[in-house]
Amino acid sequence: MRREVRIPVRRNTLVLGVTLFLLAAFAWAGWANWEYRKQQAEKAAAAGVHAMLEKGESADALYTSSPLLGKPAPDFKLEDLAGKKVSLADYKGKALLINFWATWCGPCKLETPWIVDLRNQYAAKGFEVLGIDSEGDDLKASDAEGFARQKTAVQRFVSKEKMPYPVLLNGDSIANRYGGLDAMPTSFWVDRTGKVVASQMGITSKDDMEEKIKKALE
Amino acid sequence: MRKMLVVAAVGAAVGLVAMAQEPLWQEGKPAGAKVQAVQYLYPEQVTIAAGKPTAVQLHFRIAPGLHINSHEPKDKFLIPTTFSVPAGAGVTLRSAVYPEGHDFALPADPRTRLNVFTGEFAIEAKLTAAPGDHLVQAKLRYQACDEAQCMPPKTITVPIDVLGK
């Protein structure tokens, strides 16, 4: 007759060991998953920045794409520097460049002389530019002094750059209609029927701007 | 005993897996979304002698590929990077020493030199604190660009716990 020998201590040790192993395995799996998701989030964030910065093939599409392409340019009514209300509808039948810019924006300052030249070159063919100042500043609505300072800065800029076309103020109030205006300069080319035929975020070249003007004039 | 261990193991595993499903920070923003150009790094807390002006190094990081104007940009129309401490915080900013910017030119205009910060930089703020613990919401105002476009000026909060002893 064989006698059964009970070894409770060793069995409990085994169960404890397996449990600890399982815990460690799950902890490792959890950590690996967490780390993977962290890396994915960092990659996505980096892609967001790089898409704004690198002018690669796919980034170009980001710079020139807009949900407004092929659609009527959203109407607006804004004041010019003299306080006169100007609306987009006032320019019905003209090919337009709607150029959102800001006084603090280096690339805007750089492209302004190109725009002035192109406007003067193509004005006789029915082309006009609407420069819309969009400071995007975090001024409070009640900050009259801040807005007055802004207007003075715009006047100084317009005078210095000898901008011959209408310059409108407070473009920020129509930013949502034009895709948010996350960065300056942002431009839209509108044909004679009022349809957006090209858009551009950021500076490119005078030649590129001219090509888009020709497209708007077609 | 064995059952308890198994239940504990399963419970812990489920908890760990659930925790791993979502990172503790937000997912990356889609391309084209607004980018946080400048991030405050450290220190979160400083201890300084109460009533005595003390220099504190504040460290910041600029997102890759972006630059911000230095404190003394070369052109008047550009917005300088400026650090400030709001009044009534129990802490006064006596002065701030900014690092020297470096030259930068836009590819579309290689002749014009801008003076900018990129990467990491530190501002030396000379602070005077009243005795006590002050949760200061200091501010950094900057305006960021890349090589082709600029983002609107922004003011971020720089939270510092200042212990005046």
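Where is the place of A:Thr193 in chain A? A:Thr193 sits in the loop between β6 and β7 of chain A, with helices (H or I, at least four residues) and strands (E, at least two) taken as DSSP runs and numbered from the N terminus. The residue counts as exposed because it has 10 C-beta neighbours inside 10 Å; the cut-offs are 20 or more other C-beta atoms within 10 Å of a residue's own for buried, 12 or fewer for exposed, and partly exposed in between, with C-beta atoms placed from the backbone. From A:Thr193 to A:Ala124 it is 69 residues in sequence and 18 Å in space, C-alpha to C-alpha.

A word on the model itself. It is a predicted one: local features need pLDDT of at least 70, side-chain atom pairs count only at pLDDT 80 or more, and totals for chains, interfaces and linings use all residues. Residues are numbered from 1 along each chain as its sequence is written, while chains are lettered from A and ligands numbered from 1 in the order in which they are written.

Chain A carries 5 helices and 7 strands, and along the sequence these read α-α-β-β-β-α-β-α-β-β-β-α. Out of its 218 residues, 30% count as buried. Taking contacts as C-beta atoms, placed from the backbone, within 7 Å, 77% of those in chain A with a separation of 6 or more come from residues 24 or more positions apart.

In chain A, 5 strands make up an open sheet, ordered β5-β4-β3-β6-β7, with mixed pairing; two strands pair if DSSP finds at least two bridges between them. At the edges are β5 (167-168) and β7 (196-201) of chain A, each pairing on one side only. Within the sheet, β3(A) and strand β6 (residues 186-190) of chain A are antiparallel partners over 5 bridges. One of the facing pairs has A:Leu96 opposite A:Val190 in β6(A). Helix α5 (residues 206-217) of chain A packs on this sheet, touching β3, β4, β6 and β7 of chain A, and its direction makes about 30° with that of β6(A). Such angles run from 0 to 180 degrees between N-to-C directions, with axes being lines fitted to C-alpha atoms, for helices over the stretch in contact.

Helix α3 (residues 106-122) of chain A also lies across β3 and β4 (127-133) of chain A, at about 155° to β4(A). With 17 residues, α3(A) reaches 25 Å from its first C-alpha to its last, close to the 24 Å expected at 1.5 Å a residue; the expected span is 1.5 Å times one less than the number of residues. There is a kink of about 30° at A:Thr112, shortly before the proline A:Pro113, the bend being the angle between axes fitted to the seven residues ending there and the seven starting there. Buried residues of α3(A) include A:Gly106, A:Cys108, A:Thr112 and A:Ile115. Helix α4 (residues 144-161) of chain A has 18 residues and reaches 26 Å, close to the 26 Å expected.

Over in chain B, the count is 1 helix and 12 strands. Of the 165 residues there, 27% count as buried. An open sheet of 4 strands runs in the order β1-β3-β9-β6 (chain B), with antiparallel pairing. Its edge strands are β1 (38-42) and β6 (91-97) of chain B, each pairing on one side only. Direction ignored, neighbouring strands of this sheet are turned by 40° against each other on average.

Strand β9 (residues 120-129) of chain B pairs antiparallel with strand β3 (residues 54-62) of chain B over 8 bridges and β9(B) does likewise with β6(B) over 6 bridges. Two facing pairs in β9(B) are B:Val56 with B:Ala125 and B:Leu58 with B:Ile123. In a regular strand the side chains alternate between the two faces of the sheet. The covered face of β9(B) holds B:Phe121, B:Ile123, B:Ala125, B:Leu127 and B:Ala129, whereas B:Glu120, B:Ala122, B:Glu124, B:Lys126 and B:Thr128 are on the uncovered one.

Definitions and conventions:
Contact = placed C-beta atoms within 7 Å.
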